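Welcome! Have a look at it first, and then read on.

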Amino acid sequence: MLSPVIDPDGAPFWEYAARGELRVQACADCGEVRFPPRPCCPHCRSFASEWRRTDGRGRIWSYVVAHPPLLPGYAEQAPYNVVLVELADAPRIRLVGNLVGAAGAALDSVPADRVRIGARVQVVFRDDGLPQWVLERP
């Protein structure tokens with residue numbers, strides 16, 4: 001499976017995720033949250049930033065169900081979903097991930113017919129720190 005490419009701006013995101021915390025970058029001057037992480041605030045142009053913990057809850061904003069042909073490791077689990085989650089406590093932030101039955105479950109652990117736009121989800125983390133999503137009410 002592909003591993004995330006970690007750059008200096010996004011490294012704190014992955015460090016917190018490895019500890020089971022979902023955090024987003026925020027401007028330390030104007031307070032605006034931003035994702036993906038970057039060195040400069042697009043609102044006030046400040047270079048001061050901090051990482052704010054979120055409660056890890058959100059709603060599915062959009063999704064797609066991936067079918068073969070795919071990379072071999074992914075094709076074995078297809079079809080599977082890829083969701084775009086809008087965070088409840090930072091609604092301008094949307095994160096891509098997979099809706100799974102439990103932390104670390106296979107990508108195909110939630111049938112495609114159970115994925116719905118607007119469904120409430122909660123973040124969980126695989127053993128390697130990759131954020132995934134589970135339904136709040138399965």
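This is a predicted model: local features need pLDDT of at least 70, side-chain atom pairs count only at pLDDT 80 or more; totals for chains, interfaces and linings use all residues.

**The largest pocket**
- By those classes, 21 nonpolar, five polar and four charged residues form the lining of the largest pocket.
- The space in the largest pocket is about 670 Å³.
- Its lining has 30 residues, and Pro4, Trp14, Val96, Gly97 and Leu130 are the closest to the pocket's centre.
- Two or more lining residues come from each of α1 (11–18), β5 (80–87), β6 (94–97) and β8 (131–135).
- Which element gives the most to this lining? That is β6, with four residues.

**The fold**
- The protein chain holds two helices and eight strands.
- Along the sequence, their order is α-β-β-β-β-α-β-β-β-β.
- With a radius of gyration of 16 Å, close to the 14 Å that the globule rule gives for 138 residues, the protein chain is as compact as a globular protein of that length.
- A box of roughly 45 × 30 × 25 Å, taken along the principal axes, is filled by the C-alpha atoms.

- Of the 138 residues in the protein chain, 39% are buried.
- Among contacts with a separation of 6 or more, 52% join residues 24 or more positions apart.
- The protein chain has an accessible surface of about 7,900 Å², and carbon and sulfur atoms account for 52% of that surface.

Note on methods
Residues are numbered from 1 along each chain as its sequence is written. Side-chain values use heavy atoms; hydrogens and water are left out. On a 1 Å grid over the protein atoms alone, a cavity is a set of points where a 1.4 Å probe fits but cannot get out, and a pocket is an open set with protein on both sides within 12 Å along at least five of seven lines; lining residues have an atom within 4 Å of a point. Grid points are joined across faces, edges and corners, and a volume is the space filled by probe spheres set on the points. Ala, Val, Leu, Ile, Met, Phe, Trp, Tyr, Cys and Pro count as nonpolar, Asp, Glu, Lys and Arg as charged, and the others, Gly among them, as polar. The radius of gyration is taken over C-alpha atoms; the globule rule is 2.2 Å times the number of residues to the power 0.38. Buried means under 20% relative accessible area, exposed over 50%, partly exposed in between (1.4 Å probe, protein chains only). Contact means heavy atoms within 4.5 Å. Accessible areas come from the Shrake-Rupley method with a 1.4 Å probe; for residues, only the protein chains shown count as cover.
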